[in-house]
Amino acid sequence: MDLTYTPEEEDFRARLRQWLGEVLPLLPAKPAATDWPGRRAYDAAWQRMLYDAGYAGLHWPRDAGGQGVTPAQHLIFLEETELAGAPYVGANFVGLLHAGPTIVAEGTPEQRARWLPPILRGDEIWCQGFSEPDAGSDLAALRTRAVRDGDTYVISGSKIWTSHAEIADWCELLVRTDPEAPKHRGISWLAMPMDAPGVTVRPLRTLAGSAEFAEVFLDEVRVPAADRVGAENDGWRVTNVTLAFERGTAFVGEVVACRRVLGALARTARDNGRWDDAVLRRRLGRLSAEFTALWRLTQWNVSASRSAGGAPGAGGSVFKLRYSHARQELYDAAAEVLGAGALDADHTWVADRLSALSYTIAAGTSQIQRNIVAERILGLPKGR
């Protein structure tokens, strides 16, 4: 992989920096973390600005409404927007980074035309209906049932940890369409409208006090069979496409954010006298090397994804595994730098530290990632 930038890519960076410098001062104040309707409006407005400026779906293929840029340009965009303090995808996370790329890879032309433009414009928000109370790490054990009734599915069951369900228009939903088949073979991937009769959303409050997750209860919800992505009972394969995006490229912007936080930590330590602690300096130095390596791994994964036709491979699990633990270590170091200030619940690093605890669970636990690395990359036999 060539890590140098071409003149064209540096020109892309310069134009992006100029645009960010012009539009970011015009943004309104960010809504409170608990104001989900306000956050949806804020995130949707930013996504529309990106769309109008030609920066939405940069790495998506042109025939899917994207810009078809090079992997390097995609990474430049992520790096420059984070360094400039631009809004993150926020409520558009599932649509832009999970459902959208899955529909790009697996959807029919009609499905692409229906769902991708509103995602890119920020008009429609998606949530993820995968996990269930008894099907988290063992996702294939899901029991939400979809019974075929002519041209529709009748769905009953429940989901948990459904991201952004309370403000979503659509849900990427995993259902069991053949209860007699082996558990990995009787699953289908559906797009479900969240305003369909029979859908009930109950927000869940996290340790950090936010409510970006919810329980979703489904009572004979009817979804057209035309809204199934992939063949019936082929949903496990489609799901692995979604999970590859979730683990492989969805977190890349956060690596830049962590590097920025690390720099701020070093400056704070110099200001409050904790920089005199040689052990702390070594800890921050090791974390700097860690996140530099993760950024290089990110570059490799994005390049490999492009070469493979857009879908990340199992290498995304290597990134997800190490990044989850490095993020936790970063905010443990932040607590050490802050000292007594680490008990101030209003400090952004304190909230981020609480959030970091979930990263070894979200998007597949670290134990699941180790199994994927062992079996699919190292070729080790499956454990019993």
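Tutor: The protein chain exposes about 17700 Å², and carbon and sulfur atoms supply 53% of that area; accessible areas come from the Shrake-Rupley method with a 1.4 Å probe, and for residues only the protein chains shown count as cover. This is a predicted model, in which local features need pLDDT of at least 70 and side-chain atom pairs count only at pLDDT 80 or more, while totals for chains, interfaces and linings use all residues. Residues are numbered from 1 along each chain as its sequence is written, and side-chain values use heavy atoms, with hydrogens and water left out.

Of the 384 residues, 51% count as buried, where buried means under 20% relative accessible area, exposed over 50%, and partly exposed in between (1.4 Å probe, protein chains only). The chain has 11 helices and 8 strands; these are DSSP runs numbered from the N terminus, helices being H or I of at least four residues and strands E of at least two. Among contacts with a separation of 6 or more, 73% join residues 24 or more positions apart, a contact being heavy atoms within 4.5 Å.

Now the part in question. Helix α11 covers residues 366-377. Its 12 residues should span 16 Å at 1.5 Å a residue, and the end C-alpha atoms are 15 Å apart, which agrees; the expected span is 1.5 Å times one less than the number of residues. S366, Q369, I372, V373 and A374 are the buried residues of α11.

Just after α11, G379 takes a positive phi of about 75°. L380 lies in the segment after this helix and counts as partly exposed because its relative accessibility is 45%. L380 also belongs to a nonpolar surface patch with V318, I377 and L378, and together they have about 340 Å² of accessible area. Patches are made of residues with over 30% relative accessible area and no salt bridge; like charges are joined within 9 Å, and nonpolar side chains (Val, Leu, Ile, Met, Phe, Trp, Tyr) within 5 Å. A salt bridge is a side-chain nitrogen of Lys or Arg within 4 Å of a carboxyl oxygen of Asp or Glu.

For contrast in setting, consider another helix. Q73 is found in α3, residues 71-83, and counts as buried because its relative accessibility is 14%. Leaving out residues up to four places away in sequence, Q73 touches E9 and F12.
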